[in-house]
Amino acid sequence: MTRPAPEPATAQSCCKALKYLFSLRLISLFLLGSIASPTLASENGGGNYGIGVQTVMAGALPPPGMTLFGGYVVYYSADSFRGDDGDALVPGFKADVHVQAMRAVHSWGSYKGLTLSSSVILESIYAEIEAGGQHDSDFGPTLIDFEPLRIGLQLGNWHLQTGTYFWFPLGDYDANAIANSSYGYTTISQSIDASWLPTPQWEISLDAHVSFNFENSDTNYHSGDQYGLTYHVGYRPFVSNPKWQFGLNGFYVKQFNDDELNGMKVPGGFRLRKFAVGPQIGYWFSPAVAVMFKWQAESSVRNAPRGDSFWLQAGFPLPI
(Lines give C-alpha, C1' and ligand atoms only; values in the text may rest on other atoms or scores of the structure.)
Protein backbone atom coordinates (compact mmCIF):
# COMPACT_ATOMS: atom_id res chain seq x y z
CA MET A 1 0.00 0.00 0.00
CA THR A 2 1.21 3.49 -0.81
CA ARG A 3 1.99 5.74 2.07
CA PRO A 4 0.43 9.16 2.51
CA ALA A 5 2.07 12.34 1.36
CA PRO A 6 3.82 14.72 3.74
CA GLU A 7 1.86 17.27 5.74
CA PRO A 8 -0.10 19.43 3.29
CA ALA A 9 0.83 22.70 4.95
CA THR A 10 2.70 24.00 7.92
CA ALA A 11 1.90 27.57 8.75
CA GLN A 12 0.16 29.32 11.56
CA SER A 13 -2.78 27.77 13.24
CA CYS A 14 -5.81 29.78 13.93
CA CYS A 15 -5.74 29.16 17.63
CA LYS A 16 -2.24 30.62 17.49
CA ALA A 17 -3.58 33.52 15.48
CA LEU A 18 -5.72 34.48 18.43
CA LYS A 19 -3.50 33.68 21.31
CA TYR A 20 -0.40 35.17 19.74
CA LEU A 21 -1.75 37.84 17.49
CA PHE A 22 -4.93 39.05 19.09
CA SER A 23 -4.62 38.08 22.76
CA LEU A 24 -5.77 41.11 24.71
CA ARG A 25 -3.04 41.80 27.22
CA LEU A 26 -4.42 43.48 30.33
CA ILE A 27 -1.19 45.23 31.17
CA SER A 28 -1.23 48.70 32.69
CA LEU A 29 -3.77 49.55 35.39
CA PHE A 30 -5.88 46.44 35.06
CA LEU A 31 -3.04 44.01 35.83
CA LEU A 32 -1.78 46.32 38.55
CA GLY A 33 -5.13 46.00 40.31
CA SER A 34 -6.76 49.34 39.57
CA ILE A 35 -10.26 48.48 38.40
CA ALA A 36 -11.45 52.08 38.30
CA SER A 37 -9.92 52.74 34.90
CA PRO A 38 -8.74 49.50 33.28
CA THR A 39 -6.55 49.78 30.21
CA LEU A 40 -6.73 47.27 27.39
CA ALA A 41 -3.59 46.71 25.37
CA SER A 42 -3.43 44.68 22.16
CA GLU A 43 -0.33 42.49 22.11
CA ASN A 44 0.71 39.23 20.51
CA GLY A 45 1.71 37.36 23.62
CA GLY A 46 3.44 34.35 22.12
CA GLY A 47 5.11 32.88 19.07
CA ASN A 48 4.34 32.75 15.40
CA TYR A 49 4.79 28.99 15.20
CA GLY A 50 1.85 27.05 13.76
CA ILE A 51 0.64 25.05 16.72
CA GLY A 52 -1.96 22.53 15.57
CA VAL A 53 -0.95 22.49 11.90
CA GLN A 54 1.33 19.46 11.57
CA THR A 55 -1.14 16.62 12.07
CA VAL A 56 -0.51 14.45 9.00
CA MET A 57 2.82 12.72 8.35
CA ALA A 58 4.59 15.47 10.25
CA GLY A 59 7.93 13.69 10.00
CA ALA A 60 7.97 13.29 6.21
CA LEU A 61 9.45 15.57 3.55
CA PRO A 62 8.81 15.45 -0.22
CA PRO A 63 11.15 13.08 -2.06
CA PRO A 64 14.22 14.63 -3.74
CA GLY A 65 13.30 16.77 -6.75
CA MET A 66 9.66 17.32 -5.71
CA THR A 67 8.04 20.66 -4.85
CA LEU A 68 4.99 20.26 -2.64
CA PHE A 69 2.42 23.06 -2.45
CA GLY A 70 0.07 23.16 0.51
CA GLY A 71 -2.42 25.52 2.02
CA TYR A 72 -5.19 25.85 4.53
CA VAL A 73 -8.07 28.02 5.62
CA VAL A 74 -9.07 28.15 9.28
CA TYR A 75 -12.01 29.61 11.14
CA TYR A 76 -11.43 30.26 14.83
CA SER A 77 -14.18 31.39 17.21
CA ALA A 78 -13.72 32.29 20.88
CA ASP A 79 -16.27 33.62 23.38
CA SER A 80 -14.01 34.17 26.39
CA PHE A 81 -10.53 35.26 27.38
CA ARG A 82 -9.19 33.20 30.28
CA GLY A 83 -6.86 34.51 32.97
CA ASP A 84 -4.22 32.87 35.11
CA ASP A 85 -6.84 31.04 37.19
CA GLY A 86 -8.77 29.80 34.15
CA ASP A 87 -11.72 32.13 34.73
CA ALA A 88 -13.02 34.70 32.24
CA LEU A 89 -10.80 37.77 32.42
CA VAL A 90 -11.91 40.22 29.70
CA PRO A 91 -15.55 41.42 29.90
CA GLY A 92 -17.61 40.91 26.75
CA PHE A 93 -14.82 39.17 24.87
CA LYS A 94 -15.62 37.61 21.49
CA ALA A 95 -13.36 36.84 18.54
CA ASP A 96 -13.90 35.54 15.02
CA VAL A 97 -10.74 34.96 13.01
CA HIS A 98 -10.18 33.68 9.47
CA VAL A 99 -6.67 32.54 8.55
CA GLN A 100 -5.31 31.75 5.09
CA ALA A 101 -1.85 30.28 4.57
CA MET A 102 0.22 28.86 1.72
CA ARG A 103 3.43 26.87 1.84
CA ALA A 104 5.85 25.59 -0.81
CA VAL A 105 8.43 22.93 0.12
CA HIS A 106 11.17 21.83 -2.27
CA SER A 107 13.53 18.90 -1.66
CA TRP A 108 16.84 19.59 -3.33
CA GLY A 109 18.28 16.14 -3.06
CA SER A 110 19.79 13.69 -0.61
CA TYR A 111 23.14 13.35 1.13
CA LYS A 112 24.16 10.14 2.87
CA GLY A 113 20.54 9.13 3.24
CA LEU A 114 19.34 12.55 4.44
CA THR A 115 16.75 14.54 2.48
CA LEU A 116 17.62 18.25 2.18
CA SER A 117 14.70 20.67 1.74
CA SER A 118 13.74 24.33 1.97
CA SER A 119 10.36 26.05 2.25
CA VAL A 120 8.55 29.37 2.44
CA ILE A 121 5.22 30.26 4.07
CA LEU A 122 2.88 33.22 3.51
CA GLU A 123 -0.09 33.99 5.76
CA SER A 124 -2.92 36.52 5.95
CA ILE A 125 -5.63 37.03 8.56
CA TYR A 126 -9.02 38.67 8.97
CA ALA A 127 -10.00 39.24 12.59
CA GLU A 128 -13.09 40.72 14.22
CA ILE A 129 -12.85 41.23 17.98
CA GLU A 130 -15.08 42.59 20.74
CA ALA A 131 -13.80 43.30 24.23
CA GLY A 132 -14.71 45.62 27.09
CA GLY A 133 -17.37 47.35 25.01
CA GLN A 134 -14.97 47.94 22.12
CA HIS A 135 -15.14 46.48 18.60
CA ASP A 136 -12.41 46.28 16.01
CA SER A 137 -11.49 44.36 12.85
CA ASP A 138 -8.53 44.13 10.52
CA PHE A 139 -7.46 42.26 7.40
CA GLY A 140 -4.09 42.00 5.73
CA PRO A 141 -0.82 40.12 5.31
CA THR A 142 0.41 38.60 8.54
CA LEU A 143 3.84 37.05 8.17
CA ILE A 144 6.36 35.35 5.95
CA ASP A 145 8.48 32.40 7.05
CA PHE A 146 11.73 31.10 5.61
CA GLU A 147 13.09 27.63 6.35
CA PRO A 148 16.51 27.60 4.68
CA LEU A 149 17.23 23.97 5.49
CA ARG A 150 15.15 21.07 6.73
CA ILE A 151 16.78 17.67 7.13
CA GLY A 152 14.74 14.49 6.79
CA LEU A 153 15.49 10.83 7.43
CA GLN A 154 13.53 7.62 6.93
CA LEU A 155 14.34 4.61 9.10
CA GLY A 156 12.01 1.75 8.21
CA ASN A 157 8.52 2.78 9.32
CA TRP A 158 9.84 5.97 10.93
CA HIS A 159 9.96 9.36 9.19
CA LEU A 160 11.97 12.09 10.94
CA GLN A 161 12.78 15.71 10.15
CA THR A 162 14.11 18.83 11.84
CA GLY A 163 14.71 22.44 10.87
CA THR A 164 14.64 26.08 11.88
CA TYR A 165 11.84 28.55 11.08
CA PHE A 166 12.42 32.31 10.74
CA TRP A 167 9.10 34.19 11.08
CA PHE A 168 8.99 37.85 9.98
CA PRO A 169 5.95 40.14 10.36
CA LEU A 170 4.27 41.70 7.33
CA GLY A 171 1.94 44.68 7.13
CA ASP A 172 1.46 47.48 9.63
CA TYR A 173 1.01 47.01 13.37
CA ASP A 174 -1.28 49.48 15.19
CA ALA A 175 -0.39 49.65 18.87
CA ASN A 176 -3.75 51.31 19.66
CA ALA A 177 -5.93 48.70 17.93
CA ILE A 178 -7.57 45.63 19.45
CA ALA A 179 -7.23 43.62 16.23
CA ASN A 180 -4.08 43.50 14.11
CA SER A 181 -3.45 41.47 10.99
CA SER A 182 0.29 41.86 11.54
CA TYR A 183 2.10 40.13 14.39
CA GLY A 184 4.52 42.98 14.88
CA TYR A 185 7.55 40.92 15.91
CA THR A 186 9.98 38.23 14.76
CA THR A 187 10.19 34.65 16.03
CA ILE A 188 12.78 31.91 15.59
CA SER A 189 11.56 28.33 16.09
CA GLN A 190 13.24 24.94 16.12
CA SER A 191 11.14 21.86 15.44
CA ILE A 192 11.60 18.10 15.56
CA ASP A 193 8.95 15.98 13.82
CA ALA A 194 8.29 12.26 13.73
CA SER A 195 5.80 9.94 12.04
CA TRP A 196 5.50 6.23 12.79
CA LEU A 197 3.56 3.81 10.58
CA PRO A 198 3.58 0.48 12.47
CA THR A 199 1.14 -0.97 9.89
CA PRO A 200 -0.27 0.31 6.57
CA GLN A 201 -3.45 1.33 8.43
CA TRP A 202 -2.01 3.18 11.43
CA GLU A 203 -0.16 6.51 11.65
CA ILE A 204 1.15 8.33 14.73
CA SER A 205 2.63 11.79 14.14
CA LEU A 206 4.20 14.29 16.54
CA ASP A 207 5.53 17.81 15.99
CA ALA A 208 7.56 19.29 18.87
CA HIS A 209 8.91 22.83 18.85
CA VAL A 210 10.46 25.59 20.91
CA SER A 211 10.04 29.24 19.91
CA PHE A 212 11.96 32.38 20.90
CA ASN A 213 10.27 35.74 20.38
CA PHE A 214 11.71 39.18 19.77
CA GLU A 215 10.29 42.39 21.21
CA ASN A 216 7.54 44.28 19.41
CA SER A 217 9.18 47.65 18.72
CA ASP A 218 5.77 49.36 18.35
CA THR A 219 4.71 48.51 21.91
CA ASN A 220 7.97 47.59 23.70
CA TYR A 221 6.18 44.37 24.68
CA HIS A 222 8.20 41.15 24.76
CA SER A 223 6.02 38.04 24.64
CA GLY A 224 7.45 35.08 26.52
CA ASP A 225 8.99 32.07 24.79
CA GLN A 226 7.13 28.78 24.49
CA TYR A 227 7.28 25.10 23.71
CA GLY A 228 4.54 22.94 22.24
CA LEU A 229 3.51 19.58 20.89
CA THR A 230 1.08 18.86 18.04
CA TYR A 231 -0.17 15.28 17.71
CA HIS A 232 -2.26 13.02 15.49
CA VAL A 233 -3.29 9.36 15.63
CA GLY A 234 -4.84 8.22 12.35
CA TYR A 235 -6.41 4.96 11.17
CA ARG A 236 -7.53 3.69 7.75
CA PRO A 237 -10.47 1.38 8.52
CA PHE A 238 -11.38 0.42 4.95
CA VAL A 239 -8.87 -2.07 3.59
CA SER A 240 -10.68 -2.04 0.24
CA ASN A 241 -10.49 1.78 0.10
CA PRO A 242 -7.43 2.96 2.07
CA LYS A 243 -7.74 6.53 0.79
CA TRP A 244 -9.91 7.41 3.80
CA GLN A 245 -8.22 8.17 7.10
CA PHE A 246 -9.91 8.97 10.43
CA GLY A 247 -8.16 10.10 13.55
CA LEU A 248 -7.71 12.24 16.63
CA ASN A 249 -5.61 15.42 16.58
CA GLY A 250 -4.70 18.31 18.83
CA PHE A 251 -1.94 20.20 20.58
CA TYR A 252 -0.45 21.36 23.88
CA VAL A 253 1.41 24.66 24.21
CA LYS A 254 2.98 26.34 27.24
CA GLN A 255 4.91 29.55 27.76
CA PHE A 256 8.02 28.99 29.87
CA ASN A 257 9.09 32.53 30.77
CA ASP A 258 7.34 35.81 31.56
CA ASP A 259 6.02 38.55 29.34
CA GLU A 260 7.82 41.89 29.68
CA LEU A 261 6.78 45.49 29.05
CA ASN A 262 9.49 48.14 28.72
CA GLY A 263 11.99 45.59 30.03
CA MET A 264 10.01 44.85 33.18
CA LYS A 265 8.07 41.70 34.02
CA VAL A 266 4.32 41.96 33.49
CA PRO A 267 2.61 41.32 36.86
CA GLY A 268 1.97 37.60 37.20
CA GLY A 269 4.05 36.85 34.10
CA PHE A 270 0.94 36.32 31.96
CA ARG A 271 2.16 32.93 30.78
CA LEU A 272 0.07 31.27 28.10
CA ARG A 273 -1.10 27.64 28.23
CA LYS A 274 -3.54 25.62 26.09
CA PHE A 275 -4.60 22.08 25.32
CA ALA A 276 -6.77 21.08 22.36
CA VAL A 277 -8.23 17.87 20.96
CA GLY A 278 -10.65 16.97 18.18
CA PRO A 279 -11.44 14.67 15.24
CA GLN A 280 -9.71 14.65 11.86
CA ILE A 281 -10.84 13.21 8.52
CA GLY A 282 -8.64 12.92 5.45
CA TYR A 283 -8.95 11.68 1.89
CA TRP A 284 -5.89 10.82 -0.22
CA PHE A 285 -6.50 11.09 -3.96
CA SER A 286 -2.94 9.83 -4.49
CA PRO A 287 0.18 9.46 -2.31
CA ALA A 288 0.92 13.18 -2.88
CA VAL A 289 -2.57 14.74 -3.18
CA ALA A 290 -4.77 15.00 -0.10
CA VAL A 291 -7.57 16.99 1.56
CA MET A 292 -8.02 17.17 5.33
CA PHE A 293 -10.70 18.51 7.66
CA LYS A 294 -10.17 18.80 11.40
CA TRP A 295 -11.67 20.38 14.50
CA GLN A 296 -9.71 21.42 17.59
CA ALA A 297 -11.58 22.27 20.81
CA GLU A 298 -9.48 24.12 23.39
CA SER A 299 -9.43 23.55 27.16
CA SER A 300 -7.17 24.17 30.18
CA VAL A 301 -6.61 27.67 28.80
CA ARG A 302 -4.59 30.24 30.73
CA ASN A 303 -3.98 33.88 29.74
CA ALA A 304 -5.44 33.48 26.25
CA PRO A 305 -8.75 33.19 24.37
CA ARG A 306 -10.57 29.86 24.61
CA GLY A 307 -12.36 28.67 21.49
CA ASP A 308 -12.65 26.20 18.64
CA SER A 309 -10.85 26.04 15.31
CA PHE A 310 -12.05 24.41 12.10
CA TRP A 311 -9.49 23.59 9.42
CA LEU A 312 -9.58 22.71 5.74
CA GLN A 313 -6.13 21.71 4.44
CA ALA A 314 -4.93 20.49 1.05
CA GLY A 315 -1.62 19.59 -0.57
CA PHE A 316 -0.37 18.56 -4.01
CA PRO A 317 2.94 18.51 -5.95
CA LEU A 318 3.79 21.28 -8.40
CA PRO A 319 4.90 20.28 -11.93
CA ILE A 320 8.29 21.97 -11.69
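**Salt bridges, pair by pair**

Author: Searching the whole structure, which is a predicted model, turns up 6 salt bridges. Let's start with Arg 103 and Glu 147, whose side chains meet at 3.2 Å, N to O. That pair ties together distant parts of the chain, with Arg 103 sitting in strand S4 and Glu 147 in strand S6, 44 residues apart. Both Arg 103 and Glu 147 are buried.

Next up is Glu 298 with Lys 274, a salt bridge at 3.0 Å, N to O. Here too distant parts of the chain are linked: Glu 298 belongs to strand S16 (residues 289-302) and Lys 274 to strand S15 (residues 273-286), 24 residues apart. Glu 298 has a relative accessible area of 8%, so it counts as buried, and Lys 274, at 0%, is buried as well. The cut-off for buried is under 20%.

Back to Arg 103 and Glu 147 for a moment: salt bridges with shared partners join them with Arg 150 and Asp 193 into one network.

Then there's Lys 265, which pairs with Asp 258, their closest N and O atoms lying 3.6 Å apart. How covered are these two? Lys 265 has a relative accessible area of 52%, so it is exposed, since exposed means over 50%. Asp 258 comes in at 21% and is therefore partly exposed.

How values were computed. Residues numbered from 1 in each chain as written. Predicted model: local features only at pLDDT ≥ 70, side-chain atom pairs only at ≥ 80, totals over all residues. Heavy atoms only, no water. Salt bridge = Lys/Arg side-chain N within 4 Å of Asp/Glu carboxyl O. Helix = DSSP H or I, 4+ residues; strand = E, 2+ residues; numbered from the N terminus. Buried < 20%, exposed > 50% of the residue type's maximum accessible area, 1.4 Å probe, protein only.
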